[in-house]
Amino acid sequence: MFYVYLLQSKLDKSYYIGQTNNLEKRLFDHNEGLSKYTSRKRPWEIVYFEKFETRTEAIKRERFLKQQRNSSFYKSLYETN
């Protein structure tokens, strides 16, 4: 199983999108500073994720989400009115 995830920084509320086959380990890595890009905005929390059968599907969805570059769009994924 592969996951596309949306992290939100507790520091400045910014978002980070990624994909992995181990969601718990990846969140741990981000919060331990093992990912160069996200190390400056720790701590992070997972606010949304989706499951996929293949890495190819996950990468395709990750690319789509990264192209949105819109916090309102990201919020709509995990917030309900």
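## The sheet

Strand E1 (residues 2-9) and E2 pair in the antiparallel sense, over six bridges. Strands here are DSSP E runs of at least two residues, helices are H or I runs of at least four, and both are numbered from the N terminus; two strands count as paired if DSSP finds at least two bridges between them. Within this pairing, Val4 stands opposite Gln19 in E2.

Taken as a whole, the sheet is open and has three strands in the order E2-E1-E3, with antiparallel pairing. Its edges are strand E2 (15-20) and strand E3 (44-52), each of which pairs on one side only. From one strand to the next, the twist averages 20°. Angles like this one run from 0 to 180 degrees between N-to-C directions, using axes fitted to C-alpha atoms (for helices, over the stretch in contact).

## Where the model comes from

This is a predicted model, in which local features need pLDDT of at least 70 and side-chain atom pairs count only at pLDDT 80 or more, while totals for chains, interfaces and linings use all residues. Residues are numbered from 1 along each chain as its sequence is written, and side-chain values use heavy atoms, with hydrogens and water left out.

## Charged pairs

You will find five salt bridges in the structure, each being a side-chain nitrogen of Lys or Arg within 4 Å of a carboxyl oxygen of Asp or Glu. One of them joins the side chains of Asp12 and Lys41 (3.4 Å, N to O). Asp12 sits in the loop between E1 and E2 and Lys41 in the loop between H1 and E3, so this pair ties together parts that are 29 residues apart in sequence. Asp12 is partly exposed at 39% relative accessibility, and Lys41 is partly exposed at 25%. For these labels, buried means under 20% relative accessible area, exposed means over 50%, and partly exposed is in between (1.4 Å probe, protein chains only).

Other salt bridges lie within helices. In helix H1, Arg26 and Asp29 are three residues apart, about one turn of the helix, and their side chains meet at 4.0 Å, N to O. Arg26 is partly exposed at 21%, whereas Asp29 is buried at 11%. In helix H2 (residues 55-68), Glu62 and Lys66 are four residues apart, about one helical turn, and meet at 3.1 Å, N to O. Here Glu62 is buried at 12%, while Lys66 is partly exposed at 37%. Finally, salt bridges with shared partners join Lys25, Arg26 and Asp29 into one network.
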